[in-house]
Amino acid sequence: VAAFIAKEKLCEFHSLVLLCPAINYGDTFTQMICSVIPKKDQDAFNRGENIMVDLGSYEDWEPFNFSLRFHDDFMKHHFAKEKDIIKAEYPVRVVQGINDITVPYTTTLGLGLDNMFSSNDLEITLVKECGHQIISDSNGSRVVARTIF
């Protein structure tokens, strides 16, 4: 969300911190969710109806409503690398947990963040013991606080 706000210049930034960014992750995330939709719900999903999705023990997610609209909204905010360079004349910090299975750190590193932001002050910090809920982990919280302050 913060990257989208920066791209659209919806407010003025003095710095930007992204935690486990899921930029352009809509297709991968949707495919993962679609793989667990029960057969009995697939027709309703294909008609655009909301269905309940249970990812089981996947990073302790609770069941949630999901629809094709979610994917469509995600794709509206897709970053095209050539045209969506964020003109950031401020520091950009990215903090990512290596144990994140929701947005794997390899996805974050593969985003080409150095080409997505025009900032000359970009730092990416990987936190070894943390998953996607990085702010809930005490070690992750310390790293985020050090990154921000």
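Overall fold and packing of the predicted chain

The chain contains seven helices and five strands, where helices (H or I, at least four residues) and strands (E, at least two) are DSSP runs numbered from the N terminus. Along the sequence these elements follow the pattern α-β-α-α-β-β-α-β-α-α-β-α. The model is predicted, and local features need pLDDT of at least 70, side-chain atom pairs count only at pLDDT 80 or more, and totals for chains, interfaces and linings use all residues. Residues are numbered from 1 along each chain as its sequence is written, and side-chain values use heavy atoms, with hydrogens and water left out.

Buried residues account for 38% of the 149 residues in the chain; buried means under 20% relative accessible area, exposed over 50%, and partly exposed in between (1.4 Å probe, protein chains only). The accessible surface of the chain is about 9000 Å², and 52% of this belongs to carbon and sulfur atoms. Accessible areas come from the Shrake-Rupley method with a 1.4 Å probe, and for residues only the protein chains shown count as cover. Of the contacts between residues at least 6 apart in sequence, 66% join residues at least 24 apart, a contact being defined by heavy atoms within 4.5 Å.

An open sheet is formed by three strands in the order β1-β4-β5, with parallel pairing; two strands pair if DSSP finds at least two bridges between them. β1 (16-19) and β5 (122-127) are at the edges and have a single partner strand each, so one side of each is left without a neighbour in the sheet. From one strand to the next, the twist averages 15°. Helix α7 (residues 138-148) packs on the sheet and touches β1, β4 and β5, and its direction makes about 165° with that of β5. For such angles, axes are lines fitted to C-alpha atoms, for helices over the stretch in contact, and the angles run from 0 to 180 degrees between N-to-C directions.

β4 (residues 92-97) is joined to β5 by six bridges, and Q96 stands opposite L126 in β5. Four bridges join β1 to β4, where L18 stands opposite V94. Six of the six residues of β4 are buried. On one side of β4 these are V92, V94 and Q96, and on the other R93, V95 and G97, so that both faces are covered.

The largest nonpolar core has 15 residues, of which L16, L18, I23, I86, Y90, L113 and F117 touch the most other members. A nonpolar core is a set of buried Ala, Val, Leu, Ile, Met, Phe, Trp, Tyr and Cys residues joined through side-chain atoms within 4.5 Å. At least two residues of this core come from each of α1 (2-8), β1, β4 and α6 (113-116). Another core, of ten residues, lies apart from the largest one and includes I33, F45, L55 and F66. Y90 is in contact with A6, F13, H14, S15, L16, S119 and D121, leaving aside its neighbours within four places in sequence.

L68 lies in helix α4 (residues 68-76) and is partly exposed, with a relative accessible area of 29%. Residues up to four places away in sequence not being counted, L68 touches F45, N46 and G48. The C-alpha atoms of L68 and R47 are 8.4 Å apart in space, while the two residues are 21 residues apart in sequence.

The structure holds zero disulfides, a disulfide being a pair of cysteine sulfur atoms within 2.5 Å. C20 is in no disulfide, and the nearest cysteine sulfur, that of C130, is 8.2 Å away, too far for a bond.
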